[in-house]
Amino acid sequence: MKLLFLIPVTAEYENKKTDILSYLQPYLHPDTVIEFAQIPQGYTSIESDLQDIYNGWQTVNLVKTLSKSYDGIYVNCFDDPGVSACRELAITPVIGPYQAAIHSALILADKIGIITTDTAGIIHEERKAKQIGMLDHIASIIPVDLEVNDIREQADFLIDRLLSICKKMSDDYGIKAVCLGCTGMFYIANTLNARLKEEHINITVIEPMANAIKFLETMVMLGYDNSVSISPQIASAKILRL
């Protein structure tokens, strides 16, 4: 199967693509091929509703153009920017990491947590959870106190902070499954799991990027379709561009 890995931000990604593929490869079906596409304009990260809406609109433009060429489309941001709208236009399954991660965590545990980026992210996570009816299931949302564009540069700080938060969520809230609230944390997920095991912290970490890609593979293999039916007139309408 051929999957599109859609990058809904304008941050530099050329140097990250190899790392992403190397990270995902052990989890992929042997016949799965991943290709990348990136929105042509927008914000370098998504950390507010404004950035979500603007970059989400760019994502919809790209999906409308490319969807016929792929068996499934993955939108790489924990805010799932434009995903619901893309499902109205695409003829193939479209998935983002957020809802896939939350539902995976709830299969594994009754109490779940989210580790977000900064304090502004707490409000954003609460709003998203409320929109999909999951707020009551999330026992704790704690930030690592880093902006998205700093996550890769602060690896030592990040791993220590993640360990501390996981321990707190497990000890203080009885949480047994936690979602990393930014796909940019993928590069440290394996290290985090190893350190959690070393320190006997019994909590399952959902890394949202790999989790969603596996969801998408399964959807394609089983013939599932998550498109939303809308009128042909709306589906074929020209998308305005700034």
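Predicted model: local features only at pLDDT ≥ 70, side-chain atom pairs only at ≥ 80, totals over all residues.
**Exercise 1. Work out how helix 4 and helix 8 are arranged relative to each other.**

Start by finding the two elements: helix 4 covers residues 97–108, and helix 8 covers residues 208–222. Next, look at their axes, which come within 8 Å and cross at roughly 90°. Angles of 65 to 115 degrees count as roughly perpendicular, so helix 4 and helix 8 are roughly perpendicular to each other. Now see who does the touching: helix 4 brings Pro97, Ala100, Ala101 and Ser104, while helix 8 brings Pro208, Asn211, Ala212 and Phe215. Sort that contact by class and you get six nonpolar residues, two polar ones and no charged ones.

**Exercise 2. Find the nonpolar surface patch that includes Met221.**

First place Met221: it sits in helix 8.

**Exercise 3. Track down the salt bridge partner of Arg161.**

A search of the whole structure turns up ten salt bridges. In one of them, Arg161 pairs with Asp145, with the closest N and O atoms 3.4 Å apart. Finally, locate both ends: Arg161 is in helix 6 (residues 155–173), and Asp145 is in the loop between strand 6 (138–143) and helix 6. The two residues are 16 residues apart, and the pair links distant parts of the chain.

How values were computed. Residues numbered from 1 in each chain as written. Heavy atoms only, no water. Patch = residues over 30% accessible without salt bridge, like charges linked within 9 Å, V, L, I, M, F, W, Y side chains within 5 Å. Areas by Shrake-Rupley, 256 points an atom, 1.4 Å probe, with all protein chains shown as cover. Salt bridge = Lys/Arg side-chain N within 4 Å of Asp/Glu carboxyl O. Helix = DSSP H or I, 4+ residues; strand = E, 2+ residues; numbered from the N terminus. Axes fitted to C-alpha atoms, helices over the stretch in contact; angles between N-to-C directions. Parallel < 35°, antiparallel > 145°, perpendicular 65-115°, else oblique. Contact = heavy atoms within 4.5 Å. Nonpolar A, V, L, I, M, F, W, Y, C, P; charged D, E, K, R; others polar.
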